Amino acid sequence: MKLLTFLFAAVPYFLFSQITISNSDFSDGGDVSYVSTASDLTIDFSATGANQNWDYSSLVSTGQVLKEYATLDGASFLVGFTFGDFAGLNYQASNYTASDALPLDQLNQILPVEISDIRQFSKNTNDSITSVGLSITVSGTEIPFKSDTIETRYKFPLNFGDVYDSRGYSNVDMNPVYNGIWRQYRQRHSEVDGWGTITTPFGSFEALRVHHTINESDSLYVDLFGFASWVELPVPVAHQYEWIAAGELEPVLRISTSVIAGNETVTTVEYKDNNLSANLNELTE
């Protein structure tokens, strides 16, 4: 009887024990996912730890994007040369996708040229996902840039309690299209601080929660009317809380915050979702 009691008591542990995440659980070239946004700026991102039950089933989509990870097969010659087979091994990208890595609103207010179509190039391997560079379109001309220091976004395998640090440095020289340079330095601290079951409008999943803390310093060299100078672009400390489930390719939920006046303020809430065609904006490459 004591043995039966022990077995029944152990069942929940085996059914709901923590999972391990690998590189195959993330998107790579050719993958697409629908990602909805929600406007719940009071959402709770503080609850975490072992054997959690996170209930975000009441989220309501206010918009949606189709997130596409393209291969380099259809990239321009210059992009292919920079991140393809001719690049150094560490810079040979597995995929690229639309990105918000640059503060477009600030740049387009300062510069006399239009910056658009920012794309992030990533390398997906068995032990990590790294950010190897960017491309931007400056007044209609696409320019690729390798990152001088490659930032590691994820280290594998991911398990509860894992902690890792990384940094990235990019120097984006827009010459000869425009005499301007954008520099970005990022320090990332990541911690797998929770595991359990998460429920969103898309479903329920066993997941790990990863908390990223990102300190970023941006500056811009601007040449206006023959007068050139460096301009600091204020970037607050950012936090990203991601719930990652096996086989889902995108975090099933991501809450992003910025530290403003010493307090974390929610900036975006995104979750993997079904196709809600009425609100879909395609992000294709």
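Trainee: Which residues are linked in a network of salt bridges?

Mentor: This is a predicted model, where local features need pLDDT of at least 70, side-chain atom pairs count only at pLDDT 80 or more, and totals for chains, interfaces and linings use all residues. Residues are numbered from 1 along each chain as its sequence is written, and side-chain values use heavy atoms, with hydrogens and water left out. A salt bridge here is a side-chain nitrogen of Lys or Arg within 4 Å of a carboxyl oxygen of Asp or Glu. The network of such bridges links Glu151, Arg186, Arg188 and Glu216.

Trainee: How far apart in sequence are the parts that the pair of Glu151 and Arg186 ties together?

Mentor: The closest N and O atoms of Glu151 and Arg186 are 2.9 Å apart. Strands are DSSP runs of E with at least two residues, and helices are runs of H or I with at least four, both numbered from the N terminus. Glu151 lies in strand 7 (residues 141-155) and Arg186 in strand 9 (residues 181-200), so the parts tied together are separated by 35 residues.

Trainee: Is Arg188, which forms a salt bridge with Glu151, buried or exposed?

Mentor: The closest N and O atoms of Arg188 and Glu151 are 2.7 Å apart. Buried means under 20% relative accessible area, exposed over 50%, and partly exposed in between (1.4 Å probe, protein chains only). By that scale Glu151 is buried, and Arg188 is also buried.

Trainee: What is the relative accessible area of Lys272?

Mentor: The side chain of Lys272 meets that of Glu248 in a salt bridge of 3.0 Å, N to O. Glu248 counts as buried because its relative accessibility is 14%. Lys272 is buried too, and its value is 12%.

Trainee: Which residue is joined to Pro157 by a cis peptide bond?

Mentor: Pro157 is in the loop between strand 7 and strand 8 (163-173). The omega of the bond is about -5 degrees, and the partner is Phe156.

Trainee: What is the phi of Asp117?

Mentor: Asp117 lies in strand 5 (residues 115-124). Asp117 is not a glycine, yet its phi is positive, about 50 degrees.

Trainee: Which residues make the nonpolar surface patch?

Mentor: Patches are made of residues with over 30% relative accessible area and no salt bridge; like charges are joined within 9 Å, nonpolar side chains (Val, Leu, Ile, Met, Phe, Trp, Tyr) within 5 Å. Areas come from the Shrake-Rupley method with a 1.4 Å probe, and for residues only the protein chains shown count as cover. One member, Leu78, is partly exposed at 43% relative accessibility. The patch covers about 540 Å² and is made by Phe77, Leu78, Phe81 and Phe86.
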